[in-house]
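The exercises below are meant to be worked with the sequence and the coordinates open side by side. Try each task before reading its solution.

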Amino acid sequence: MRAAPQVLLVSHDASRTGAPAVATSFARWAARTGAAQIHVALLGGGPLTSTLRALGPTTVASRAEVELARAAGPRAHAPRLRRAARSFDRPPIVVANTLAAWPAAATVERRDALVCWVHELDRLADVLVAPDQRSALIAATDRFLAAGPAVARMLVERWGIAPARVATVPPLVEPPAPGAPRSERRVLGAGALVPRKGADLFVSVLASLDPPLTAEGAAWVGGPDDGAYATQVRSDLRRAGLDGRVHLVGPVPTLEPWWPADGVLLHPAREDPAPLVVAEAALRAVPVATWTTGGAADLLRDAGCAHLVAPAGDVVGLAERLARLLADADERRAVGRALADAAAPQLVDRAAPRTLAAIRGDR
Amino acid sequence: MSGPVVWILAPPLGAGGAPTMLVRYLRWLRSPAGCADGTVPEVHVVAGADGTSAAEVTRLAESTTLLGPAEGRSVAGTVAAAGAQLGHEAAAAAVWQRWARRRVRHLPRPDVVVVHGAGAWPLWRAVAPRCGRARLVLHLHELSVAIGRSVPASERWSLAAEPDAIAAPCRPDAGLRALLGARADEVVVVPECAEPPTPNDLQADARLVVGIGEAGWRKGTDRFEALAHELARRRPEVACQWIGAPPPPGWALADDDAGPVHWDGWHPDPWARVPPRAVVVVPSREDPLPLVAIEAARRGHAVVASGDGGLADLLDEGRGWFVASADVRDLADAAEAALDEAATTGLRAARLRAHADAHLAPEAVGPRWLALITGRPAPPVDPEPGR
C-alpha cells in the first residue's frame, strides 16, 4: 500500500479568510481520513490557529519573526520551516498555501517537491510576488494548484507555466449545518472589510437598486470593522441614506445565522478567483449575483446562470440583476437549485481527494 | 520690509491637491500682487516627505525641510514604524518626534505655524515644542474621512482645541461639524484656486466624458466606471476616459481593461489630453473643493459632479450639474444632459468659467490666504462661502 504523503503546509496566516479556511478544511479532512500526514507552518497567526493545532502539529511565527520578515524578507522564516520539515521521517512535499507564503516555502531545502497553491489573480499576485522575483520561484516549483479556472488561465497564459504543471482544484467547502437559523435580511455580502472584497461597491449597488432595498435590509459580514476602509464604507452608507438598512456586522465565528432565508448573496469583489463564500451560498441554495471579476462568475456560468453575471464595474447592471432576483421567488429557487448542483463537487469529501492527488502530482 | 516668520507644515510634497495648492499659494506670494504691501512673510516649509512638488516648493520658499524620501521611509521613520508594529506606539512616536525636532532646529523661531492639511498634523505634534507661542493656523484640505486617516482618534479633539484659526476650502459639512464642534462656525473659507489655463491644440470633442485624479475611493473612480457602463447602454457613441495614477493595491477591478473606460494613466499635465468641449465628470465621494473642478471651470468645460464638500456650491445657480444622489443613474442623467443640450451646456460652462475667473483665481484667493496666515483682516470677499 502506498504510504500517506507527508505534507508541510505553509500558510501566510490563520485568518478566517478564504485560503486559510480552505487549508483548514483540507487539514481536517486529512486528519479524519488519514489520507495525508500534515504539519502546518503559519507565517502569521489568526483565529483558526487553535483549530489547526487541534488537528495536528502546527507552528506559528513569533511576533519577532513576523517583524524580521517584514524588514528582511522571507528568509526570516527559514529556520522554523527547516525544523518543521525535519519533523517528518522523509522529505515532505512543501505546499505554499497562497502566493504570500510561496517565497518562504521555497526556502525549505529538505523537500520531496515544492507545490504552490495559488488563490490569487493578477493584481494581487503582482503585489505579493513582484514579476521580477517570479521566474526563479517558478523554476524552483514542481507544480501549481490553481484555485479555479481564472487562476489557471493566469498561470498558463500570462505567467507562461506549462499546462502540465498546473492542476485546477475547486475550493473545499464544508457541508452546511442542518437546521441552522437563517436571517430575514434580503441581501447578504460577506468577506473581509478590505477594498478587494468590494463592500463599498456592495453599497453602490444597493444605492442603485430599483425598487429600493426593503425594510428587511441587507448585511455585510466580515471585519475588521474599525479600520480606515470600514470608515469609508460607513461614509458611503450615510451618503446613500442606507445606514439604517444595511448592517455592517463585523467579524463573526460563523456565517451560518447570516445566510438569508429568502434572499440573495451579492458578491461585488474587485478580484476574487475562488470565493469560498459563493460556494457556501451555492451549497445552501442561496442565489448569487456577481460580476466578471473571478470565480463567482465561473460558478454561475457552470450552473447555467450566466445571466446573473454583470460586466466588471457595471453597478447599475448588477443592481438590475439583483432587483430581478429579489422580485422573483421562482427564479430565486431555480437559481439556488442550479447553484447547489454546480457546487456539489466542491464539498470537502469530494474535492479533497482531488486536491491531494494534485499535490502528489498524480495525473 | 520683512514680514512674519511662517512655518508651513505640509504633507508629503507629491502631486496631490494639498501640495499643488501650496505651490500655487507660494507662487502668488512671490508675484507682484503677493508682495503688494511690502511685508512678505518669510516662509519655511517643513514637509513629511519629498515628492514631485518639492523642487517648485524649494524654489519658492525661504527654506524647505523634507523629513522623508519620496519612496519608503527615513531611518527614523522605519524605527518608529517597527516600534509601533511591536506595540510600542507612544515610544515609537516619541523617537520620530525627537528626530523631526532636530531636523528643524536650524530654522528661525516662527511667528506663525500653518498646518497645511490634516496630513501634516503629526508634524505639528512633533515640532510644537520648538514653536513657542507662535500663532497656529490649521488649513484643512480634507473632509472628515480623510482627516480620520491622518489624525488618530485619540488626537482629533486637538484639531478644534489647539489652533488659533481654522480654514477650509468649503463650508464645513456635517462630518466636519461633528469633528470641530462649536469651532465649525469659526471656520474661514479659503477656497482652492487654479491658474489661467494654457490652451491645447486638440480638436473639440463634445462626445467625450473625462474624469481626472488618482484612482480610488475618494475620487470615486468606481463611480466613473459605473457611469461609463450606463452611458454605454444609453449613448454608445460617447467615449469615457480617466486620466490619473492607477489605484492603490486592492482597489483595482479585475477585468476592467475590457470595460468602457479608456484608462489613460498619470500625466504631469492632464489637461493637455482633454479636448475642448469634453464634459468633465467629478464623481468624488469626499473632496472639499477638487482642483479638477476649478481647473475644468477655468478652461470652460461643462462640469458634472457629486460628493460631499464644496462642489454643490460651485455648480449652484446654473453653473453645472450637481448630483446629490448615490444612484449611478442620476449621475448618468446629468451627464446625458450635459452631452445633449448644447446651448444649456455652453451657458452653464460660461457661467462657471466667469465665476472661477472672478473668485477662484490666485489673485482672488491669494489675499484671503495671506490674511489667514497673518491674522490681518481679510479683503472683502464673495459673501457665500465656498463660492
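**Exercise 1.** How far apart do the C-alpha centres of domain 1 of chain B and domain 2 of chain B lie?

*Solution.* The model is a predicted one, in which local features need pLDDT of at least 70 and side-chain atom pairs count only at pLDDT 80 or more, while totals for chains, interfaces and linings use all residues. Residues are numbered from 1 along each chain as its sequence is written, and chains are lettered from A and ligands numbered from 1 in the order in which they are written.

Begin with the bounds, which come from an automatic or database domain assignment: domain 1 of chain B covers 2–193 + 362–374, and domain 2 covers 208–359. The C-alpha centres of these two domains of chain B are 29 Å apart. Next, count the residues in contact, meaning that their C-beta atoms, placed from the backbone, lie within 7 Å; domain 1 of chain B supplies 15 residues and domain 2 of chain B supplies 12. On the side of domain 1 of chain B that touches domain 2 of chain B, the elements giving two or more residues are α1 (17–30) and α6 of chain B, where helices (H or I, at least four residues) and strands (E, at least two) are DSSP runs numbered from the N terminus. That side of domain 1 of chain B divides into 9 nonpolar, 3 polar and 3 charged residues; here Ala, Val, Leu, Ile, Met, Phe, Trp, Tyr, Cys and Pro count as nonpolar, Asp, Glu, Lys and Arg as charged, and the others, Gly among them, as polar.

**Exercise 2.** Describe the overall dimensions of chain B.

*Solution.* The secondary structure of chain B amounts to 14 helices and 13 strands. Its radius of gyration is 21 Å, close to the 21 Å that the globule rule gives for 387 residues, so chain B is as compact as a globular protein of that length; the radius is taken over C-alpha atoms, and the rule is 2.2 Å times the number of residues to the power 0.38. Along the principal axes, the C-alpha atoms of chain B fill a box of roughly 60 × 50 × 40 Å. Finally, of the 387 residues of chain B, 50% count as buried, a residue being buried if 20 or more other C-beta atoms lie within 10 Å of its own, exposed if 12 or fewer, and partly exposed in between, with C-beta atoms placed from the backbone.

**Exercise 3.** At what angle do α1(B) and helix α14 of chain B pack?

*Solution.* Two packed helices are described by the angle between their axes and the distance between the axes. For α1(B) and α14 (residues 362–374) of chain B, the angle is about 90 degrees and the axes are 10 Å apart; axes are lines fitted to C-alpha atoms, for helices over the stretch in contact, and angles run from 0 to 180 degrees between N-to-C directions. The helices α1(B) and α14(B) are therefore roughly perpendicular to each other, given that angles under 35 degrees count as roughly parallel, over 145 as roughly antiparallel, 65 to 115 as roughly perpendicular and the rest as oblique. From α1(B), Arg24(B), Tyr25(B), Arg27(B), Trp28(B) and Leu29(B) take part, and they meet Pro362(B), Gly366(B), Trp369(B) and Leu370(B) of α14(B). By class, the contact of α1(B) with α14(B) has 6 nonpolar, 1 polar and 2 charged residues.

**Exercise 4.** Is Ala204(B) buried or exposed?

*Solution.* Locate Ala204(B) in the loop between β7 (188–189) and β8 (208–212) of chain B. Ala204(B) has 9 C-beta neighbours inside 10 Å and therefore counts as exposed. Leaving aside neighbours within four places in sequence, Ala204(B) is in contact with Pro275(B), Pro276(B) and Arg277(B).

**Exercise 5.** Which residues of helix α11 of chain A are buried?

*Solution.* Helix α11 (residues 276–283) of chain A is mostly covered, with 7 of its 8 residues buried. The buried residues of α11(A) are Leu276(A), Val277(A), Val278(A), Ala279(A), Glu280(A), Ala281(A) and Ala282(A). Their cover includes α1, β8 (187–190), β11 (264–267), β12 (288–291), α12 (295–302) and α14 (329–343) of chain A. After α11(A) comes Ala285(A), whose phi is positive, near 60 degrees.

Key
Contact = placed C-beta atoms within 7 Å.
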